[in-house]
Amino acid sequence: LLIRCCLLGTRSHMREMYKKLGDLGDVALSCRAKLRTMFKVKPLTIKGVRQELLAIAHESGQGSQKRKKKRILSLLTRCR
């Protein structure tokens, strides 16, 4: 659901692509190739990804799920 939400696909389209490709990673990669951003995004670094994953792991409290999704979306958007 998160991949579908992040990559702006419909449930039926994602299901169809999964049946065709057989792997959610391949589906995400295929959808990501079609995603465009308005501005050039800063490329990911190992250190930056680690920091984001740690920040996601330490998120807690009210609204933490929404903040985690936002961080994950940011990482997915910056993937190349």
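At 16% relative accessibility, Glu-59 counts as buried, where buried means under 20% relative accessible area, exposed means over 50%, and partly exposed covers the range in between, as computed with a 1.4 Å probe on protein chains only. The model is predicted, so that local features are reported only at pLDDT of at least 70 and side-chain atom pairs only at pLDDT 80 or more, whereas totals for chains, interfaces and linings use all residues. Residues are numbered from 1 along each chain as its sequence is written, and side-chain values use heavy atoms, with hydrogens and water left out.

The protein has five helices and zero strands, and its elements follow the order α-α-α-α-α from the N terminus; helices are DSSP runs of H or I with at least four residues, strands are runs of E with at least two, and both are numbered from the N terminus. Of the 80 residues in the protein, 22% are buried. Taking contact to mean heavy atoms within 4.5 Å, 47% of the contacts between residues at least 6 apart in sequence join residues at least 24 apart.

A search of the whole structure finds three salt bridges, each defined as a side-chain nitrogen of Lys or Arg within 4 Å of a carboxyl oxygen of Asp or Glu.

| Glu-52 | Arg-71 | 3.1 Å |

The salt bridge between Arg-71 and Glu-52 links distant parts of the chain, with Arg-71 in helix H5 and Glu-52 in helix H4, 19 residues apart. Taken together, Glu-52, Glu-59, Arg-67 and Arg-71 are linked in a network of salt bridges.

Arg-67 lies in helix H5 and, when its neighbours within four places in sequence are left aside, is in contact with Glu-59, Ser-60, Gly-61 and Gln-62. The C-alpha atoms of Arg-67 and Ala-55, which are twelve residues apart along the chain, are separated by 10.0 Å.

Helix H4 (residues 46-58) and helix H5 (residues 64-78) pack at an angle of about 165°, with their axes 10 Å apart; axes are lines fitted to C-alpha atoms, for helices over the stretch in contact, and angles run from 0 to 180 degrees between N-to-C directions. That angle makes H4 roughly antiparallel to H5, since angles over 145 degrees count as roughly antiparallel, under 35 as roughly parallel, 65 to 115 as roughly perpendicular and the rest as oblique. The contact is formed by Val-49, Glu-52, Leu-53, Ala-55 and Ile-56 of H4 together with Lys-68, Arg-71, Ile-72 and Leu-75 of H5. By class, this contact has six nonpolar, no polar and three charged residues, with Ala, Val, Leu, Ile, Met, Phe, Trp, Tyr, Cys and Pro counted as nonpolar, Asp, Glu, Lys and Arg as charged, and the others, Gly among them, as polar.
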